Amino acid sequence: MLDQENKAKGMKFRRAGDLMVPLDRYPHLPYWFTLRQAVVAMLSSEVDVRGRKSLPRVVLVFDEEYSLLGFVRRRDILRGLEPAVLANVDVGESGEVLEQQLARLFDDANYEGATTGIRERAEKAVRTVMQPIVATADCEDHMMKLVLKMVSHDLHLLPVLRDGSVVGVVRTVDIFEELAQYVL
Amino acid sequence: MEKHSCYDLADSEHMLRCVQEQFEHYQELLEQNGRVLAVIGDMEEKSLGEYLFDLNYIRSSLEQVRSSVREIIEKLIVLGGQEYESLRLAYSTIDAQLAQLLPGERPIDKTPYVLWFESLGRGDAFAVGGKNAQLGELRRIGLRVPEGFAITAWAYRCFLDHNDLQTRIREHLESVDVRDYDALVRVSGEVNAMVRSGSVPQDVADAIREGYEELVRRTGSEAVAIRSSGIGEDNLFSFAGQYATFLNVRRESVIDRWLDVVASEFTPQAIYYFLSHGLTEPDVAMPVGCVSMVDAASSGVVYTRDPVHPSDDSLLIHAILGLGESLVDGSLTPDVFAVSRADGSISKASIARKETRLAMSGDGGTALCDVDPVRASRSSISEAVLLQLVTCGLAVERHYGRPQDIEWATDVEGRLFLLQTRALQLVRHRCATDVSFVVSDADVLLSGGTTACPGAGFGPVVQVMTERDLRNVSDGSVVVALNPFPGLVITMGKARALITEVGGVANHIATLAREYRMPTVVGLRGATQLKPGTVVTVDATGGRILRGERPDVLASRRADAVNSFEDTPLFQGYRQILALIAPLHLMDPSAAEFTPQQCRTMHDITRFAHQRAMDEMFRRATRLDSAAQLGLQLSSTLPMRVSVLFLDRPISTMGDNGTIGEDDHDSLPMQAFWNGMKRQGWPSKGRTSSPLHSGLATQGHGRPVDGYSVKSYAVLSTTYMMLCLRMGYHFTTIESMCAEQPGKNYIRVQYKDGGASLERRIRRIRLIAEVLTRLRFDCTARADCLNAFCSCFEAPIIAETLGLLGRLVMMTKQLDMALSSDSVTDWYIEDFLRQLGLNRRATS
């Protein structure tokens, strides 16, 4: 329907610049800020795009000169918060063995120690879990080009550049909603 | 040295010297400002009435305030230029008002020797004395006063100058010990003789004689009263009954009696009075009134309130037959009427038995006459006169706006004349100490007296029947006298309590007792029967005498004596003086009325000058581009480049090879602040381990022109710091004084700009303001610019606050980036307060 209406109006697919969230409306942090501060950014920064509010899944990471260095996702933060001993846990083990190992580590009797450990690890800098920027989009990029980049790099978010500078981000949800209009 | 490449060293030293000189002026201004605030604080504390003080205290405090404020004004003019010269005018205006309130502050105005009452009002007290000026004022408002004129202070001054008396009198008075009665009597005699042997300048004598003749023409009577009307009387000091008054004086003796009144300034008790109050002869010039004599059928005093129970709805009227002198000197017991202020009804009438009355003698002077036995037990005044006195008394009180003490007389035709009015001293009953005591009847030696000044005192009884007995009064005595004669004032610096057998609260000694805070009971029958040497406790508040020493009573009544101090003219006058010193009207430096023209008190001037001096200094220091090039490099573990310039030493003695270690200087505020920064640590470390060595540039925000943390500089002295930090995208300027005197200390913070969007920068300003408010800063935020100020803390608190500021500056470095919503900002505020240990403070 939408497709036919747009064709009738001589319109084209929307570009990255049309779909993106402007940079100053998306949560971001300097790289020396902590995981704890990244958690706050994710839980308290509602992103309001075209009247639709959502909590961010990703926080952008910048340096002193306000250059984009990378981003952290929820799972990066979770990884940062997990105890070092978990690295030795072989997740390939049978279910029973794995359960035994985890039960030993996270007994309720050890609640105090475990939570203290989480809080300590939350003071790590976000740069330690940050994902580098491996792909970007240009403002003029076709929507399908964004789909290609996201799928091939397994990304939820692409920085959008204009004249070589980051001006915003485009998220999977933005593209998903746009595409949905053609499908439904 | 490279850093001096643009200047040769001599130029550099010269430039630095200029800045240092400005800074020295600024330091001096702060020093003086601290002094003024300390004196004002002390003066305000005294005004609460819990401490005693004298004229010397007022004078010395005032002198400190004046000299410091003058200094402050001059320093500000040096710092800021001509635009501040109008402060001098503001100062002169306030100072002139102060001079009106203090004895000896104002030179005697040149006036005619004689001024008639019809030309006088209360504003003329400096020229003609209080009594004369008030008679002129009463006449102006349509009340009947006797015809008469004032012989002015200028006439008095001309007489002294003509005989070169001033220096000679001063020399005599300088050496006298007021506690030595015999010395007082001797010096009094010598000065009296000098005055009486002086010749009256011809033009002064002519003016007085012409005045007298004119008065006789106007009234048809040759009899006049020559009355003292001292300057300062009824102002800060009562001078009650200190000076002579001569009644029924005739033509031939007018000049001599005038001289007698002038000489009465130097009776033993008058010398005692003014020297014990810290006054000197020039403070108490002696204008005199020449008043047509009222041949008094009755006379007396109206108190428009009961001075001992001022909240009662009563006027007190004291009346005797004949002339009034026997009432105010306490030698006759008057009729006393308490009359309702509301409806004129008499609530109490105590009619005394009148054996004698004072009357005019046919050949001048006065004489005691017997009273007709029929009249002896009758009221001395009719009800009609009583009602007239109520009406007049209330009219005078309304006019002056406060309770009055009015002397009056009726002539043989029944006409009422007002002879004097002054503010009535009230003895307010205030909350006493909570020390309680029990007195058994057996301990009460005498009771039923009237409280003239509350309190209590104990000691051995000394009976003083005549002036000669005054020399027997030693430290710690309880003085007992038959009547309250003026010479008793001499005992007030030594004795612990005073009792008189006759007299009421309407006499001069009662007034003086309150000024000296001497526990005093008057009208205590049987007091003169007390055996000399008997140790008694005088419970003046209770109007009784107790056996032996009673520490419980003394402790309980102690506050009464201090409280009564608040009722003295000195204390009341002090409050008027303080009103020109202490109140602060200029609050907001950004308000349109923050100008020299709006300075109404000395405190306003210092507030204005202090603020503007800080502004001037701040403006200079923040524009010291050359300072960055003149200064040393601070070597620090923090990755910051800071140029340091010292204001209290020459370049040649600074640092080593153009650098100075962060721990090697002695600037207290800089150490405190820098240690705070170091404790928090440089936030953006470990950059090299990031997966990307260079990021993607962003658009739309200001770039750090000079890179981050460059071109920061500090202007320092041991107690001062002006630190301009350029940290990435934001500018922070912190200025602080951290000296020993808290009055000089302050911290000023300016925080501006940032790299993130304006919305996020404003959020950061809100966060910082919130934290600084917890640190007791006053904060003003406009968009992304914050000004914060706190002052007057002890040096350790200033240092602690600077340390926390150092941490906060680090914590907020590029924090604006993270403040993506108000709820995130709220979280950071709580988090920072917790980290800085301020959340506990706020709740505790």
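Which side chains meet in a salt bridge with an N to O distance of 3.8 Å, one of them being B:Arg227? In this predicted model, the partner of B:Arg227 is B:Glu407. B:Glu407 belongs to strand S12 (residues 404–411) of chain B and B:Arg227 to strand S3 (residues 224–228) of chain B, so the contact ties together parts that lie 180 residues apart in sequence. Both B:Glu407 and B:Arg227 are buried; each therefore has under 20% relative accessible area.

Over all chains, the structure holds 45 salt bridges. Side chains of opposite charge can pair when their charged atoms come close. One further pair in chain B is formed by B:Glu214 and B:Arg217, whose closest N and O atoms are 3.1 Å apart. These two residues are both found in helix H9 (residues 202–219) of chain B, and because they are three residues apart there, about one helical turn separates them. B:Glu214 is partly exposed, at a relative accessible area of 25%, while B:Arg217 counts as exposed, at 61%. A salt bridge also links the side chains of B:Glu63 and B:Arg70, with an N to O distance of 3.8 Å. B:Glu63 is partly exposed at 38% relative accessibility, and B:Arg70 is partly exposed at 37%.

The strands of chain B include S17, S18 and S19. Strand S17 (residues 478–481) and strand S18 (residues 497–500) of chain B run parallel and are joined by four bridges. Within this pairing, B:Ala481 is placed opposite B:Thr500 of S18(B). S18(B) also pairs with strand S19 (residues 520–522) of chain B, again in the parallel sense, over two bridges. Here B:Leu498 has B:Thr520 of S19(B) as its bridge partner.

In a regular strand the side chains alternate between the two faces of the sheet. In S18(B), B:Ala497 and B:Ile499 point one way, whereas B:Leu498 and B:Thr500 point the other way. All four of these residues are buried.

Chain A contains an open sheet of four strands, arranged in the order S1-S10-S9-S8 with mixed pairing. Strand S1 (21–22) and strand S8 (137–138) of chain A are the edge strands, and each of them pairs on one side only. The pairing of S1(A) is with strand S10 (residues 165–171) of chain A; this pairing is antiparallel and consists of two bridges. In it, A:Val21 is found opposite A:Val169 of S10(A).

A patch of negative charge is present on the surface of chain A, where A:Asp18, A:Asp138, A:Glu140 and A:Asp163 gather. Among these residues, A:Asp18 is located in helix H2 (residues 16–19) of chain A. A:Asp18 has a relative accessible area of 41% and is therefore partly exposed.

Key. Residues numbered from 1 in each chain as written. Chains lettered and ligands numbered in written order. Predicted model: local features only at pLDDT ≥ 70, side-chain atom pairs only at ≥ 80, totals over all residues. Heavy atoms only, no water. Patch = residues over 30% accessible without salt bridge, like charges linked within 9 Å, V, L, I, M, F, W, Y side chains within 5 Å. Areas by Shrake-Rupley, 256 points an atom, 1.4 Å probe, with all protein chains shown as cover. Salt bridge = Lys/Arg side-chain N within 4 Å of Asp/Glu carboxyl O. Lys, Arg positive; Asp, Glu negative; His and termini not counted. Charge placed at Lys NZ, Arg CZ, Asp CG, Glu CD. Buried < 20%, exposed > 50% of the residue type's maximum accessible area, 1.4 Å probe, protein only. Pairing = 2+ DSSP bridges.
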